[in-house]
Every structure is written in C-alpha cells, then in structure tokens.
Amino acid sequence: MAEPTMAPRAAAEFASTGRMMEITEQLYGPYRWDRYDILVLPPSFPYGGMENPRLTFATPTVITGDQSLVSLIAHELAHIRRHDYLVNLLQSVVETLFFYQPAVWWISARIRKEREVCCDDVAVGICGDAAGYARALTKLEYLRVSAPKLAMSSTGGPLLYRIRRLSGVADDQM
C-alpha cells in the first residue's frame with residue numbers, strides 16, 4: 001500500500017518480498033500471521049519500521065528504484081519472527097516502572113542493540129549477502145542524514161558498529 005503516485009514504484013521495489021517470505025518460511029517455519037503488508041508512508045512521516053507482525057511501515061526513502069534497500073524488509077521480518085514487538089512492550093513497561101534506575105537504562109540499551117544485531121544476522125541469512133546488506137544499511141544512513149529531518153527513515157542502533165560487524169571489521173565492544 002502506498003500513496004497513489006508512489007504505488008507503482010513501491011510495487012516494483014518490493015516485488016521480491018514474496019520470495020523473501022518463502023526463504024524465511026524455509027528457514028524458520030510457516031508464517032503464522034497469514035498476511036504481511038508493507039505500508040509506504042507519505043514523506044511527512046518521520047519514522048518507519050515493524051509495527052506489528054502483519055504490517056511494516058516504510059518511509060519513501062526506501063524506494064530507490066534499484067531494490068538496493070529491499071533486504072531491510074528481511075530485517076523487519078526477523079523482528080517479527082523473534083517476537084520483538086512483545087519484547088519491546090515488556091521493555092517499555094520495565095523502563096516505565098524503574099525509570100529512576102540507571103542500570104535499567106543501560107541493560108535496556110544493550111537489549112536494543114543486541115536485538116538489532118540478531119535481526120541483522122537473520123536478514124543476512126535470508127538475503128545471503130552480508131556485504132550487500134551492509135551497503136543497504138550504509139545507503140539507508142546516507143538517505144537518513146541527507147533527508148530533511150521530517151523524512152528520516154530509520155532511527156536507533158549504532159549503525160556504524162552494525163555495518164563494521166557485517167563487514168567483519170568490528171571489534172566486539174558494544
């Protein structure tokens with residue numbers, strides 16, 4: 001789904017999503033939520049990402065015309081497969097209840113970082129190309145930095161660490 005003017009480009013960009021779903025099911029079993037949709041938001045929406053197991057919000061910055069960022073959908077599918085939407089909910093409750101505890105915020109940041117790294121690994125497993133996925137993350141960051149602040153495409157996570165890790169040059173410090 002996308003704005004009418006964006007729909008043909010979005011459909012072409014995400015044409016391989018069905019194949020990604022097939023690979024995901026081969027690796028991790030049947031997709032139990034029956035349906036998976038990608039909603040391309042208008043440019044005025046600041047963030048995208050996995051909203052629930054059946055829907056991913058994508059910002060128009062992922063529509064590049066060359067399918068170079070499609071592997072990011074594999075990353076979002078990994079969040080769904082890992083039930084990260086539930087972990088996020090639990091994590092938010094703990095952060096709210098123990099907002100005054102610095103250790104909670106430190107642990108929470110570690111969990112968020114590890115969650116992204118794990119989903120990167122699954123995305124590479126689905127796409128089969130760590131270097132290509134690292135290039136997609138790099139391109140996404142470039143688009144995020146060069147885009148107006150209201151059209152950011154991704155937030156959170158130490159992206160440079162993730163790219164270096166996928167490229168095999170990261171140290172293990174988090």
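In the predicted model, the axes of helix 3 (residues 71-81) and helix 5 (residues 102-127) come within 8 Å and cross at roughly 125 degrees. The two helices are therefore oblique to each other. The crossing of helix 3 past helix 5 is right-handed. Helix 3 contributes Ser-71, Ala-74, His-75, Ala-78 and His-79 to the contact. Helix 5 contributes Arg-115, Glu-116, Cys-119, Asp-120, Val-122, Ala-123, Ile-126 and Cys-127. Sorted by class, the contact of helix 3 with helix 5 holds 7 nonpolar, 3 polar and 3 charged residues.

Charge pairing was examined next. Side chains of opposite charge can pair when their charged atoms come close. The whole structure contains 8 salt bridges. One of them joins Arg-162 to Asp-120, with the closest N and O atoms 2.6 Å apart. Arg-162 lies in helix 7 (residues 159-167) and Asp-120 in helix 5, so the pair links distant parts of the chain, 42 residues apart. Both Arg-162 and Asp-120 are buried. Glu-116 joins Asp-120 and Arg-162 in a network of salt bridges. Glu-116 and Asp-120 also belong to the helix 5 side of the contact with helix 3.

A salt bridge also forms between Asp-121 and Arg-165, whose closest N and O atoms are 2.4 Å apart. Asp-121 is in helix 5 and Arg-165 in helix 7, so this pair ties together parts 44 residues apart in sequence. Asp-121 is partly exposed, at 38% relative accessibility. Arg-165 is partly exposed as well, at 23%.

The side chains of Asp-84 and Arg-82 meet in a further salt bridge (3.3 Å, N to O). Asp-84 is buried, at 2% relative accessibility. Arg-82 is partly exposed, with a relative accessible area of 34%.

Notes. Residues are numbered from 1 along each chain as its sequence is written. This is a predicted model: local features need pLDDT of at least 70, side-chain atom pairs count only at pLDDT 80 or more; totals for chains, interfaces and linings use all residues. Side-chain values use heavy atoms; hydrogens and water are left out. Axes are lines fitted to C-alpha atoms, for helices over the stretch in contact, and angles run from 0 to 180 degrees between N-to-C directions. Helices (H or I, at least four residues) and strands (E, at least two) are DSSP runs, numbered from the N terminus. Angles under 35 degrees count as roughly parallel, over 145 as roughly antiparallel, 65 to 115 as roughly perpendicular and the rest as oblique. A crossing is left-handed if the near helix is turned anticlockwise from the far one by less than a right angle, and right-handed if clockwise. Contact means heavy atoms within 4.5 Å. Ala, Val, Leu, Ile, Met, Phe, Trp, Tyr, Cys and Pro count as nonpolar, Asp, Glu, Lys and Arg as charged, and the others, Gly among them, as polar. A salt bridge is a side-chain nitrogen of Lys or Arg within 4 Å of a carboxyl oxygen of Asp or Glu. Buried means under 20% relative accessible area, exposed over 50%, partly exposed in between (1.4 Å probe, protein chains only).
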